[in-house]
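Hi,

Here's the structure I promised to pass on. Have a look at it first, then read on for what turned up.

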Amino acid sequence: MLDSRMETFLAVCRHLSYTRAARELYITQPAVTQHIRFLETHFGCRLFVYEHRKLRLTPEGELLYRYGRDARATGELVRQQMAALSGGKPELRLGATLTIGEFTLAPVLSPFMEAFSSHSITLYVDNTREMLSMLESGTIHFALVEGLFNREHYHSRLLKMAEFVLVVPSGHRLLSLPRVLLKDLRQEQLILREPGSGSREVLQQALYYRNLTLDFFPRRMEIGNVSLIKHLVRCGSGISFMYRDALTDPDTSAGLCVVPVEGFSILREFNFVHLNTSLATEFCDPFYLFFREALQT
């Protein structure tokens, strides 16, 4: 259990706002300011500074944030394990990004729940940004992530490599070309995921390596649901890039075709991610081993 001033500090870190932190904690803004000043005096350094009217963490503040975040998560794990030793049912809260949660996990979820039936299991599915935020707040114990993240801030282990492919409806003009180049896609309507999505970041990074941005596609549509994107592509409303795992369900993938794009092959990692503490690693090991084996078959 953290000191109330550290809880205030973590709330300010989450919101980068004294006002919103005060609202979350049901205390006054002057109380938030007092708590932060106490910590700054105690550690002898500034924890936050304003730049262009926006609050940001100093390097010292970032260090304290990582410590406080990990200490809070460790304390929560200890509490849960003590409750289990006293006869309670241990909690397991995991997260998955959208493609993994909706498609990759589907064949292995029932065996997973059976293997860990002694736990009370909750699964959250959202984009990469939200999964990392839930990790840092202690809402989930670990996440299965398809997107990009700062590896210095987390402990990550590879689950599998996944192919990121171009998907078009059957009968599309690109299927008749002897070879498809990136420039052949320029006038197509691109359906892509929302900001914060791992899939979107993967596409942006692949374009960046070729000195391009999403502006390469003048016609774009953003959709936050993979199944809806597949439906729109099938109906001829556009083309999209997605993980091949999203095409494993024959019922929802009928009428969709993968088109190789010459010089634009993308292979990405699906990772098992949790906070970088020894207790978190020990707690998560059996779940990682299950998913690693299950997803390789």
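Find Val 167 and look across to its bridge partner in S9, which is Ser 240. The two strands involved are S6 (residues 155-169) and S9, joined by 4 bridges and running antiparallel. One thing to keep in mind as you click around: this is a predicted model.

Stay on S9 for a second, residues 240-243. Which way do its side chains point? Ser 240 and Met 242 go one way, Phe 241 and Tyr 243 go the other, and all of them are buried. That's the pattern you'd expect, because side chains in a regular strand alternate between the two faces of the sheet.

Now for the inside of the protein. The largest nonpolar core has 48 residues, and Leu 185 and Phe 291 have the most contacts inside it. S6 and S9 each supply at least two residues of this core, and so do several other elements, including strand S3 (91-96) and helix H8 (198-208). Helix H11 gives the most, with 10 residues.

Zooming out, the chain has 11 helices and 11 strands. Of its 297 residues, 47% are buried. And of the contacts with a separation of 6 or more, 74% are between residues 24 or more positions apart.

Note on methods: Residues are numbered from 1 along each chain as its sequence is written. This is a predicted model: local features need pLDDT of at least 70, side-chain atom pairs count only at pLDDT 80 or more; totals for chains, interfaces and linings use all residues. Side-chain values use heavy atoms; hydrogens and water are left out. Buried means under 20% relative accessible area, exposed over 50%, partly exposed in between (1.4 Å probe, protein chains only). Contact means heavy atoms within 4.5 Å. Two strands pair if DSSP finds at least two bridges between them. A nonpolar core is a set of buried Ala, Val, Leu, Ile, Met, Phe, Trp, Tyr and Cys residues joined through side-chain atoms within 4.5 Å.
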